[in-house]
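Here is a short briefing to keep beside the structure while you look around. Take it one topic at a time, with the viewer open.

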Amino acid sequence: MNNKRALRAVLLAILCMSAALCASAQRLTRRAQTGARVQIVCAEKVYGDVLAQIGGDAVEVFSILGQPNQDPHLFEADASVARRVAHAQLVVYNGAGYDPWMSQLLAASRSPRRAQIEIAQLAGKKTGDNPHFWMLPNAMSALARAAHAVLARVDSVRSSEYDARLADFLASLKPIEQRIATLRARVKGMPITATEPLADYLTQALGLRMRNARFQRAIMKGSEPSVADTAAFEDDLRQRRVKALIDNAQTTSGHARRMLKIAHASGVAVAPFSEILPAGMTYQRWMQRQLDVLERALFP
Ligand SMILES: [Zn+2]
């Protein structure tokens, strides 16, 4: 190799290296501008929807319980769920014994980088309390604020975007709160029953009188309701002592299905509810739809 050729080769190598450096510098700048998407795992799909509303396209949300044919009270996590939790930057879960597998997975893969939000803690509830916290409007605004605080910290470049989306979300809860207040004036004191204690926080907010609570708790836990409680429930339906039956269509218990049949046969209005956010629906739309269903049952 003569000197000229050697020099050309060296120059070419330097040129290539600087081009490569430029490209990687560009990549770094782009990454700093747009940021990588914050990885979030939610135990329940309804919380995943709230996180997606607060995070927008800056986050990637994976929800574990999301199948309409699932009974969340009976779910067990597998290895793929464990992997998702191990790699998440933020994990959101219900707590209060609703998703005990999540606290186990969190304990099994400790990570100082990962933030956690437990709805039970936000709502000031504990194991033994009714765990259907998405029916508690205050819990959802508390979740939105907690999610905002985490996102604004781990992805501070976009904190103003998160501020705007939190404000939009909180404003979107107002029509639901107003509707509950208006409906309460019409339904307060009406007796009602349910196959599972899914909507208790909502019926309490409406001032409805819930009957057959013990039967419903047994169904929720997957245990047998007592003979006396079952007979009392049947009587309520046959004598039409309740205005409506809220049915959680995701409880597979034969006892619950039987009560549904008796309600139909006795002419008691049925309000079909679901435990999991239906596909393609936001939390707000879902709440409005469930209030539609309940209102139709109470005022046929
Ligand atoms: Zn339930």
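This is a predicted model: local features need pLDDT of at least 70, side-chain atom pairs count only at pLDDT 80 or more; totals for chains, interfaces and linings use all residues.

Two features then carry most of the story: an open sheet of four strands and a nonpolar core of 77 residues.

**Confidence**

- Across the protein chain the mean pLDDT is 90, with 88% of residues reaching 70 or more.
- Please treat residues 19–33 with care: pLDDT stays under 50 there, and the model has four contacts for this stretch beyond four places in sequence.

**The sheet**

- The four strands come in the order S2-S1-S3-S4, and their pairing is parallel.
- At the edges are S2 and S4 (115–118), each of which pairs on one side only.
- On average, neighbouring strands in this sheet are turned by 15° against each other, ignoring direction.
- Strand S1 (residues 38–44) runs parallel to S2, and six bridges join the two.
- S1 also pairs with S3 in the parallel sense, over three bridges; here Ile40 stands opposite Leu90 in S3.
- Four bridges link S3 with S4, again in the parallel sense, and Leu90 has Ala115 of S4 opposite.
- Strand S3 is covered on both faces: Leu90 and Val92 are buried on one side, and Val91 and Tyr93 are buried on the other.
- Helix H3 (79–87) packs on the sheet and touches S1, S2 and S3 (90–93), with its direction at about 135° to that of S1.

**Ser63, a residue of strand S2**

- Ser63 sits in S2, which spans residues 59–65, and is the bridge partner of Cys42.
- Is Ser63 buried or partly exposed? Its relative accessibility is 22%, so Ser63 counts as partly exposed.
- Beyond four places in sequence, Ser63 touches Cys42, Glu44, Lys45 and Gly48.
- Val41 is 22 residues away from Ser63 along the chain, yet their C-alpha atoms are separated by 5.9 Å.

**Ala77, a residue in a loop**

- Ala77 belongs to the loop between S2 and H3.
- With 30% relative accessibility, Ala77 counts as partly exposed.
- Setting aside residues within four places in sequence, Ala77 is in contact with Trp101 and Leu105.
- From Ala77 to Gln104 the C-alpha distance is 9.8 Å, across 27 residues of sequence.

**The nonpolar cores**

- In soluble globular proteins, nonpolar side chains tend to be buried together.
- Which residues touch the most other members of the largest nonpolar core? They are Met102 and Phe273, out of 77 residues in that core.
- Helix H7 (residues 159–187) supplies the largest share of this core, with nine residues.
- This core lies between domain 1 (35–174) and domain 2 (188–298), because both domains give residues to it.
- Another core, of 12 residues, lies apart from the largest one; among its members are Leu245, Met259, Leu260 and Ile262.

Notes: Residues are numbered from 1 along each chain as its sequence is written. Side-chain values use heavy atoms; hydrogens and water are left out. A nonpolar core is a set of buried Ala, Val, Leu, Ile, Met, Phe, Trp, Tyr and Cys residues joined through side-chain atoms within 4.5 Å. Buried means under 20% relative accessible area, exposed over 50%, partly exposed in between (1.4 Å probe, protein chains only). Domain bounds come from an automatic or database domain assignment. Contact means heavy atoms within 4.5 Å. pLDDT is the predictor's confidence in each residue, from 0 to 100. Two strands pair if DSSP finds at least two bridges between them. Axes are lines fitted to C-alpha atoms, for helices over the stretch in contact, and angles run from 0 to 180 degrees between N-to-C directions.
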